[in-house]
Amino acid sequence: MTTVPHLRVLFFDVFGTSVAQRTPVADELSKAAQQALQSNVTISSEARAKATKMSYDDWFEFGGVWNQEEAKFRRESLAKYNNIDWRAVDKHRIDVLPKLLEQRGLGSLWDESQLQHLGRIWHRLTPWSDTCRGLDLLNSKFSTVSLSNSYYDLLKSLVAHSSIPFTHIYTADLFQSFKPNPKVYLGAAEKMGVKPEECGLVASHLNDLKGAKACGFYTIYVERPLEEKNPELREENIPDMWIKENEDGLITIANRLGI
């Protein structure tokens, strides 16, 4: 690990790093399914039988498939347009949900308004237990700025819903690009009025940190369950600081940065 430079701004990845993804999605799907089964709403016998057999782990797996569909949509958008419309990604999450349910014989489990509500789960994801306390500590010494592959309105909604105390909210659409394109990291530093070497990025994805490091950022890796999609990058010694999964995340970062 390298010596910590004089940092003024800490940027944060959001989805997976600052908020959990897999567990909140499974929680909400499982709860909504139980509510549907206990209601007086008409559900087909097939959907009722299949939903009754669905365990929490089944809904957890379903959420993972749903997330994979979003990733596939992003890859296809990038290949076709050489860019990603994050509003379209958000809309796709909503549009693909009933199709995934139909494929599993669960198409009549929820009505249209319920599907729309469930499709917006990513607007109300739950922060990790260390996130808000860690940011409160870090805010005493640094500007803390979200830097998410998303669009501003979604992230503003999420931050407000979950009371996440970032001092600033930035998203990739503000820089007409997406991470790990240098335009996002360098654009964010410029917008904050600081040099890249005065910036750190906190993320649970090594490819994100690799992009930031190439731009001169200090890199802080926070292990989160099931979040690392490129484990082979662990051999490249990318992080300047590495917080293990059992080390209390952002609170430990604050401690290591002298707070």
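## The sheet

In this predicted model, 6 strands make up an open sheet. Their order is β3-β2-β1-β4-β5-β6, and the pairing is parallel. Two strands sit at the edges: β3 (168–171) and β6 (241–243). Each of these edge strands pairs on one side only. From one strand to the next, the twist averages 20°.

## Strands β4 and β5

Look at one pair in the sheet. Strand β4 covers residues 199–203, and strand β5 covers residues 218–222. The two run parallel, joined by 4 bridges. Glycine 200 has tyrosine 218 in β5 as its bridge partner.

## Helices on the sheet

Helix α10 (residues 249–256) packs on the sheet. Helix α10 touches β1 (9–12), β4, β5 and β6. Its direction makes about 140° with that of β6.

Helix α9 (residues 206–214) lies across β4 and β5. Relative to β5, helix α9 runs at about 170°.

## Cysteines

A disulfide is a covalent bond between the sulfur atoms of two cysteines. How many disulfides does the count come to? The count is 0.

Cysteine 199 is in no disulfide. The nearest cysteine sulfur belongs to cysteine 215 and is 10 Å away.

Is cysteine 199 buried or exposed? Cysteine 199 is buried, because its relative accessible area is 0%, and buried means under 20%. Cysteine 132 has 22% relative accessibility, so cysteine 132 counts as partly exposed.

Notes:
Residues are numbered from 1 along each chain as its sequence is written. This is a predicted model: local features need pLDDT of at least 70, side-chain atom pairs count only at pLDDT 80 or more; totals for chains, interfaces and linings use all residues. Side-chain values use heavy atoms; hydrogens and water are left out. A disulfide is a pair of cysteine sulfur atoms within 2.5 Å. Buried means under 20% relative accessible area, exposed over 50%, partly exposed in between (1.4 Å probe, protein chains only). Two strands pair if DSSP finds at least two bridges between them. Axes are lines fitted to C-alpha atoms, for helices over the stretch in contact, and angles run from 0 to 180 degrees between N-to-C directions. Contact means heavy atoms within 4.5 Å.
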